[in-house]
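Student: I am new to this structure. Please take a close look at one part with me, the place where two chains meet.

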Amino acid sequence: MDMLGLFFLLLLSVIFIIYQKPNVAFTLGLVALILSVLLLIHHMTTTLEVQL
Amino acid sequence: MMKREDSISLKSLKRRNTVLLVLEALMVYGLMAVLMGSFHEEFFKHEAPCPLCYLQRIAFVGSALGALMNLRFGIKTKYIAVSLLFSVFGNIVSTRQILLHICPGMPKFGYPVYGLNLYTWAYLIFAFVILSQIILLFFSHARLQELPHPKLRWWESLAFLLVVLCTVGNMASALIECDFGMCQDVPWPPTENVSLEIKSE
């Protein structure tokens, strides 16, 4: 669901660009970026747990 | 005389705008070609993507997203910032994966392509995207934002189509690999079923 949701957000953002809603597309893009960063942090912490 | 100078500068601005838009479209084509290459690795060489690979693919689509905004709404610094942020994020993710796999006792993930692993290629491509966006910033002008943007041309529409197709393809891939749950680490190499976890001795 994590990756699927992020790709869905990006797809929504592209659709909003096509339908000329720059602010919505921009906000969705930034939300996708923030969620991706959180997912990376989650992955890093779980890998660290495995290593420890 | 003043009017003539204005008209010349406007003409050069329009030319510069067109050149920058063509470069942005080329960048989108390049990024989508990389994603199609990863689809080839996934479906024809049966190399299942790991969570970090998906995050890199998200960064590729995100970098293209900023370029698409530039193509649709005209060149603005905030759209270039979107591309830059996503490519920096992608660079961090690929650096993380490179560092994971250079540890002693850790196998390399995936088959090498032209001597390098896919995450190393991703690192180089993200570095190139960052550089290209910085060059774009150098050549962008505040008055470019005031220019009226014409209707989408065929090569701009093609860039949109490619991004939509690649994103839908990635959604399908994520659905097949991870179902509706969280994506898990993939064992590599697949035949020997070797775990990626570091074994404490």
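How many salt bridges does the rule find across the interface of chain B and chain A?

Tutor: The count across the interface of chain B and chain A is 0. A salt bridge here is a side-chain nitrogen of Lys or Arg within 4 Å of a carboxyl oxygen of Asp or Glu. First, some ground rules. The model is predicted, so local features need pLDDT of at least 70 and side-chain atom pairs pLDDT 80 or more, while totals for chains, interfaces and linings use all residues. Residues are numbered from 1 along each chain, chains are lettered from A and ligands numbered from 1 in written order, and side-chain values use heavy atoms, without hydrogens or water.

Now the interface itself. Chain B brings 40 residues to the contact and chain A brings 33; contact means heavy atoms within 4.5 Å. About 3300 Å² is buried between chain B and chain A. Buried area is the accessible area (1.4 Å probe) lost when two parts are put together, summed over both. Carbon and sulfur atoms give 82% of the area. On the chain B side, Ile58(B), Arg96(B) and Met171(B) supply 17% of what chain B buries against chain A, more than any other three residues.

Where do salt bridges turn up? Glu42(B) pairs with Arg57(B), their closest N and O atoms 3.0 Å apart. Glu42(B) sits in helix α1 (residues 2-44) of chain B, and Arg57(B), 15 residues away, in helix α2 of chain B. Helices are DSSP runs (H or I, at least four residues), numbered from the N terminus.

Notes
Helices (H or I, at least four residues) and strands (E, at least two) are DSSP runs, numbered from the N terminus.
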